[in-house]
Amino acid sequence: MAEKKQRQYEGMFLISPAVTADAEAAIKIVRSKIEKHTGEILVIKKWDERKLNYEIKGQKRGTYIIAYFTAPAANITPLERDVTLSEDVLRVLITDADHLNKEEMEAVEPQPIQPREERNSWDRPSWDTPSPRGGDRGGDRGPRRETADAAKD
């Protein structure tokens, strides 16, 4: 039987805080899932804990675990399926990471959350007033077309 070629992957796992509030327990969950599907961990660490933009499975917060690992390509689909069916993991994204070396993997850190720039009400477009570009619909959609009924009148 031919030996399966190992490829290098990056996995971002979103762990439910309801399962564990401890980062080490979250890492243990991810490690067990990867190793169950014959993956070999290269680098694994807690990436960040953040408030989610929208609820996922009733959770408003989540712990992100980033894992770099090697595994046969044929084992990635079963791994994703296993993780998706797990109640411990809210979301998973596994991508190819053959282009990274070990130092780059260890250097990965979460990006800071940029605050959203709020605009004053007078700076926002108004849909009630005509656009300076012409038309009567606020400028984004252009002038109104005549409907068939209005054209008959």
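**Exercise 1. Determine how many salt bridges the structure holds, and characterise the pairs Arg7–Asp96, Arg31–Glu35 and Asp82–Lys36.**

*Solution.*

Step 1. A salt bridge requires a side-chain nitrogen of Lys or Arg within 4 Å of a carboxyl oxygen of Asp or Glu. By this rule the count comes to seven salt bridges. The model is predicted, so local features need pLDDT of at least 70 and side-chain atom pairs count only at pLDDT 80 or more, while totals for chains, interfaces and linings use all residues. Residues are numbered from 1 along each chain as its sequence is written, and side-chain values use heavy atoms, with hydrogens and water left out.

Step 2. In the bridge between Arg7 and Asp96, the closest N and O atoms are 2.9 Å apart. This pair links distant parts of the chain, with Arg7 in strand S1 and Asp96 in strand S4, 89 residues apart. Helices (H or I, at least four residues) and strands (E, at least two) are DSSP runs, numbered from the N terminus. Arg7, Asp96 and Asp98 are linked in a network of salt bridges.

Step 3. Buried denotes under 20% relative accessible area, exposed over 50%, and partly exposed in between (1.4 Å probe, protein chains only). Arg7, at 32%, is therefore partly exposed, and Asp96, at 36%, is also partly exposed.

Step 4. For Arg31 and Glu35, the closest N and O atoms are 3.9 Å apart. Because these residues are four apart in helix H1, about one helical turn separates them.

Step 5. Asp82 and Lys36 form a salt bridge with closest N and O atoms 3.3 Å apart. Here too distant parts of the chain are linked: Asp82 lies in helix H2 and Lys36 in helix H1, 46 residues apart. Asp82 is buried at 17% relative accessible area, whereas Lys36 is exposed at 56%.

**Exercise 2. Check the span of helix H1 and identify its buried and exposed residues.**

*Solution.*

Step 1. The expected span of a helix is 1.5 Å times one less than its number of residues. For the 14 residues of H1 (residues 23-36) this gives 20 Å, and the end C-alpha atoms are 20 Å apart, which agrees.

Step 2. The buried residues of H1 are Ala26, Ile27, Ile29, Val30, Lys33 and Ile34. They cover an arc of only 155 degrees around the axis (taken from the directions from the helix axis to the C-beta atoms), so they lie on the same side of H1.

Step 3. Exposed residues Glu24, Lys28 and Lys36 are carried by the face turned away from the buried side.

Step 4. With contact defined as heavy atoms within 4.5 Å, the buried residues of H1 pack against strands S1, S2, S3 and S4 and helix H2.

**Exercise 3. Describe the largest nonpolar core and state which element gives the most to it.**

*Solution.*

Step 1. A nonpolar core is a set of buried Ala, Val, Leu, Ile, Met, Phe, Trp, Tyr and Cys residues joined through side-chain atoms within 4.5 Å. The largest has 19 residues, of which Phe13, Val30, Ile34, Ile65 and Phe69 touch the most other members.

Step 2. S1, H1, S2, S3, H2 and S4 each give two or more residues to this core. H1 gives the most, with five residues.

Step 3. Apart from this core lies another, of eight residues, among them Met12, Val43, Trp47 and Tyr68.
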